[in-house]
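These notes are meant to be read beside the model, and each numbered point takes up one topic.

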Amino acid sequence: MNSIWSESVKINGFDKLKENIKTDVLIIGGGIAGILCAYFLNESGVDYILAEGKNIGGGITKNTTAKITSQHGLLYDKLLKKLGYDKAKAYLDSNQLALSKFIELSKTYSCDFEEKSAFVYSLSDRKVIEKEVAAVNKLGFNAEFAGDISLPFDIAGAVKFENQAQFNPMKFIEGISKSLNIYENTFVRELGKNTAITDTAEIKAEHIIIASHFPFLNKHGGYFLKMYQHRSYVIALENAANIDGMYLQETKNGMSFRNYKGFLLIGGGDHRTGKQGGNWNVLREFAKKHYPNSTEKYAWAAQDCMSLDNIPYIGRYSKSTPNLYVATGFNKWGMTGSMVSAMLLTDMIAGRNSPYAEIFSPSRGMLKPQLLLNGITAAANLLSFSTKRCPHMGCALKWNKTERTWDCPCHGSRFEKDGTLIDNPATGGLKS
């Protein structure tokens, strides 16, 4: 199913790379993270190219809910307790900087940009909301406690961030990509030292940025252990309420709300890729109960890379690969995460120090409870019997009857019924 964003704009295509080429920087991946990396490198006068396996914006970006906010669930109280004041503030400041950059760019690139307040609400736990408000205020940002919100049910309370934003990501990409050096339908199958190999050409580069959603290079970085993928679902309703803000429930499988023009977007039904979840059924039941006069016009699903500690991996791919970089693990907050990635990686390539490098370093400690769960899940599925195996690392694929796809519960690769690759880290389809 197509999202409301992909239906709203058709982006002019770019050529396929057909001959060997050299560049200072190669960006792999044409989602919003890769596009923004290209934009900042271009602004800095750096020689670069971007290689996208299909079409720019055609992967996860077109399926986002497109909220631009530094409010990432109930995160800051946890960061203060686990990482301390300086790192928690660095995370907040970097995301606020990303928001301000989107505000600046939206004045040049028309993208239905709107400043809105963002809310994280709880149905039953006022105390957890109060703790988050206090934590954010301690970090120097003016969060507020809200007792009522514009949703059709009662809450215990909500954390309110003013002056956040929402937009149309595909309109943004259409505008900002026009002057960038991009090749589409140029799928990188393999990486060697300073070399990327596609189906039709080789690309030599001094620096390589992997912005392909889930990193596909397994021999460095351990991303197959320190990340998993998570699916969530969205419906767009016509003739529903104008809720005048962006809303997220604080529970792991909570619901999400925002408006776009005459539509109400409701998100939820989450589950780990390869597992079972509520999917669109949960959303449709909610809409039937609370917005009985509405009509569903669009329905789509997104897939997000989840890190061990709810902080993205942005920086050098590993300690042993000084000229290889990564931007991944955005934990459902890919808009600000992508902007932070672009600014931070451009600074690193240009030899500039960034105050945010440490907090996002992919080489930070991995000893987190989620690491054990990821390892157990991978081991169980490697040992499971299945006639369909993921070409990434051999895990048993699961049939997703709702979306009619083969999904990998280990690392999130997905395939059409006929074996065609949909989502990475696999770099090819299933063999018949």
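1. Lys261 is placed in the loop between strand 13 (256-260) and strand 14 (263-272), where helices (H or I, at least four residues) and strands (E, at least two) are DSSP runs numbered from the N terminus. Although Lys261 is not a glycine, its phi is positive, at about 50 degrees. With a relative accessible area of 57%, Lys261 is exposed; on this scale buried means under 20% relative accessible area, exposed over 50%, and partly exposed in between, with a 1.4 Å probe and protein chains only.

2. The model is a predicted one, in which local features need pLDDT of at least 70 and side-chain atom pairs count only at pLDDT 80 or more, while totals for chains, interfaces and linings use all residues. Residues are numbered from 1 along each chain as its sequence is written, and side-chain values use heavy atoms, with hydrogens and water left out.

3. Asp244 is found in the loop between strand 11 (227-238) and strand 12.

4. Strand 6 (residues 157-166) is mostly covered, with eight of its 10 residues buried. Strand 6 pairs with strand 4 in the antiparallel sense over eight bridges, a pairing being counted if DSSP finds at least two bridges between two strands; here Glu114 has Gln166 of strand 6 as its bridge partner. Strand 3 (residues 67-68) also pairs with strand 6 in the antiparallel sense, over two bridges, and Ile68 has Ala165 as its partner in strand 6. Strand 5 (residues 144-146) runs antiparallel to strand 6 and is joined to it by three bridges, with Glu144 opposite Lys160 in strand 6.

5. How many aromatic pairs does the count come to? The count is 21 aromatic pairs, under a rule by which rings of Phe, Tyr and Trp (its six-membered ring) pair if their centres lie within 6.5 Å, with planes under 30 degrees apart taken as stacked, over 60 as edge-to-face and the rest as tilted. Phe119 and Tyr247 form a stacked pair, at 4.8 Å centre to centre and with 10 degrees between the planes. This pair links distant parts of the chain, with Phe119 in strand 4 (residues 114-122) and Tyr247 in strand 12 (residues 246-249), 128 residues apart. Phe119 is buried at 8% relative accessibility, and Tyr247 is buried with a relative accessible area of 2%. One aromatic cluster is formed by Tyr39, Phe40, Phe102, Tyr109, Phe167 and Phe172.

6. Two contacts between a charge and a ring may be inspected. The charged end of Arg189 sits over the ring of Phe187, 4.2 Å from its centre, the criterion being that NZ of Lys or CZ of Arg is within 6 Å of the ring centre and within 35 degrees of the ring normal. Lys226 lies over the face of Tyr313, at 4.9 Å from the ring centre.

7. The second largest pocket has a volume of about 270 Å³. A pocket is an open set of points on a 1 Å grid over the protein atoms alone, where a 1.4 Å probe fits, with protein on both sides within 12 Å along at least five of seven lines, and lining residues have an atom within 4 Å of a point. This pocket is lined by 14 residues, of which Gly192, Lys193, Asn194, Thr321 and Leu324 lie nearest its centre. Strand 8 (188-192) and strand 10 (202-210) are the elements that give two or more residues to this lining.

Notes: Points joined across faces, edges and corners; volume = space filled by probe spheres on them.
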